Structure formats: C-alpha cells, structure tokens
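Work through the exercises below with the model open. Each task is followed by a stepwise solution.

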Amino acid sequence: MALYETMVPGSLVTCRDSGDTVCLDWHSSAVKQFYAYFQTPGSLVLVIDYEKLKSGDEAEQRTVVSTHNFEPMWEMGEATMALPLEEKMKFEQGDSGNSFGYKAAGANNTDEYGNLDTIEFLNVSKDDALARPEKVHRFYPQCVEDRMSAIRTFIDTSDNINRTILDLISDRLNLPREVLRSKHRLTEQSPSESRIIRNPPRNMTKEVVAIGAHTDFGSLSFLHNILGGLQVLVPGTNSWQYVKPLPGHAICNIGDSLAIYSGVLRVPRRSNLHRVIPPPGEQGRFVRWSLVYFLRPAMSSVLAPLTESPIVMEAASRNKMDVGDNRVANRMGPETWRASRGTEHVPTAA
C-alpha cells in the first residue's frame, strides 16, 4: 500500500501493485502505527528480532520484537477511560506510593516549575492478574475485571520476553542467570504491572509535555506505542529525539533497578531518559494510546549491585545514585523534583 506523509486516516489510498483504492480505517491499530511511522520525524531505535534472540543467535544478541495480538488490551483501555471520572477515582492509586490502580491527568508534575501531566492511566498488578478470582492487592473497575484473562495473557507474554532478555544481559555481564532470575520470580509478589495510557488530543500550537522526562524504576519496560510522541535523550547530547513507532514491534527499556543491579549507572548500560509530548503533525488531532508491561524485582529483593559478576563489582565501585517520587502531593519544592528523576544522566532536562 502506498503510504505518504500527507495521508490521513479515513482518506483513500491506492495500492501500487493492483491499483485498488481502499479507505484507511482509523479504528485499526495497525493503520494508526503505519500512519504514525511516516508522520514522526527522527530515527528508529536499535531493532532486535526476538525469535533470533530466543534461539541464541549470536549476532542478534549483540545488537522491538515480534508483536502479539493485544487488541483486547486496547479495548479494555477504551472501556476504562470512557467511565465517568467519579467512577475511575474510586480506584485511584493515591499518594502513599501504591502504583496499582487509576491515575488521573494532572496528578504528576512534568517539571520543577509545577506544570502538570496530561495523561491518565490504569495500572493492573501482575500479582492480581495471575491470582484472580483471588485479590492480592486490590480490585479494579468491572470492565477491567471482566477482561482479566486478556490482561493475564498480555502479562504472561510480556514477562516471558523480558525474562529472555534478562538471561542474555546476565550472560553479557558474566553473571550466573539464576542470580537475576531469583530477583524476578513470577510466583513472588512484586510491583510488576501492566499499564494502559491515554493522552487526549492537544493544541499543537505549542509543545505541551504529556509525561515529564524520567527513567523507569523497574528492571525492564515492554512498551507498545500507536502514535508518535515518545522522545529519548541520546547519551552525550542535549537534544530530544523522536522514536518512530514501528508497526509490528515493541520497545524495551532498561530501568533503574537493572541499572543498580548491574552497577553501571553512568555509562551506556544505564536506564534511558525519556519523555512523551503530543504526537507531531496531524497525529496530534487524535488520542494517543500506549500499552506497557513493567517487569520489576520481587518485593523481597534487595536493590544492590550484583557483585557475583566481576564486571558489576568494578562498575559499582565508581557509581552511586538516589531515586524519589514524582506525585504532586509529595512535592515540597524544585529540589524534590530533581531528586525524583531516577538514574538519568542530564538532571536539568525537562
């Protein structure tokens, strides 16, 4: 199909080979991703073939992955965010550090000046999804509970992929695989969770930061974007770069926990600083959806460099770090914003 930068969902597009004319269906997530790919400036992140990775392909291990059918997760997100705000707030995550539940737009700061985020999201605990019908941490809106089997499938699939990547990272660190595995056992309670994120259409006359610059606090994040808007701060630079949403792929981020475990907090294996702004160009007219699985260490795990590896032991001797919290209600001043930013390498980036 001929896909051009000027195409708009709902418009007619002609196939180069057959000459057939079709109408792009904006309700198709695949069409949204192809559209966003051509509308988003910047470049692709490093692309890895998961099947080759899993099979032990040496070249691929040195260098996001095949997609699965997660349409039920998008449907769950749409049903949840369509609920009245009063109903969603019954499941709000609160300011005490609990991550599971609903977060309304404006609950977090995006910078040290008090500007507010524009996204709403719902986090579902890995423990709750795997234990249903039993409750481990909390219950969720009924439209979420009704789709818990789909959420469990998403978590199982994402978790398996992330664990494969953890094994390969262990190999590169000369670390026995069982060490990292023991920190992330599926059967142990952990902060691991799925997240569905909604960002509304924005006025594109100026840049509005939807999610402020941050690093993820877990071990690995497995992210699916439909539209553009995700930006990364490439190490050694001070300019933000878009990550093109590549159809049929996901994005995997290293988080702070894995950076701590590997002891390399200020060199290329650290967690990556990123943010979200409204999708560029015509994409800004549409709702931006994202879907994430955050793999995090078990609650019983101690966050400290894994000195069973000589590589980690050497790196840990050079690097120290502190992390904090970015809820608006827990802010006391600009310094508390800076202290909450994780392990990123440019503390002044917004």
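**Exercise 1. Which residues have the most contacts inside the largest nonpolar core, and which element gives the most to this core?**

Step 1. This is a predicted model. Its largest nonpolar core has 41 residues.
Step 2. Inside this core, the residues with the most contacts are Leu 122, Val 124, Val 144, Ile 151 and Ile 196.
Step 3. Now list the elements that give two or more residues. The helices are H4 (71–81), H7 (142–145), H8 (148–172), H9 (177–183) and H10 (256–262). The strands are S4 (120–125), S7 (220–225) and S12 (288–295).
Step 4. H8 gives the most, with eight residues.

**Exercise 2. Trace what Ile 196 is in contact with beyond four places in sequence.**

Step 1. Set aside neighbours within four places in sequence.
Step 2. Contacts of Ile 196 then include Met 73, Trp 74, Met 76, Gly 77 and Met 81.
Step 3. Glu 120, Phe 121 and Leu 122 are also among them.
Step 4. Trp 289, Ser 290 and Leu 291 complete the list.
Step 5. A second, separate core has 13 residues, including Ala 210, Val 243, Val 292 and Phe 294.

**Exercise 3. Where is pLDDT under 50?**

Step 1. Start with the whole protein: mean pLDDT is 77, and 68% of residues reach 70 or more.
Step 2. Residues 1–28 stay under 50, with 46 contacts beyond four places in sequence.
Step 3. Residues 59–67 are also below 50, with 30 contacts beyond near neighbours in sequence.

Conventions:
Residues are numbered from 1 along each chain as its sequence is written. This is a predicted model: local features need pLDDT of at least 70, side-chain atom pairs count only at pLDDT 80 or more; totals for chains, interfaces and linings use all residues. Side-chain values use heavy atoms; hydrogens and water are left out. pLDDT is the predictor's confidence in each residue, from 0 to 100. Contact means heavy atoms within 4.5 Å. A nonpolar core is a set of buried Ala, Val, Leu, Ile, Met, Phe, Trp, Tyr and Cys residues joined through side-chain atoms within 4.5 Å. Buried means under 20% relative accessible area, exposed over 50%, partly exposed in between (1.4 Å probe, protein chains only). Helices (H or I, at least four residues) and strands (E, at least two) are DSSP runs, numbered from the N terminus.
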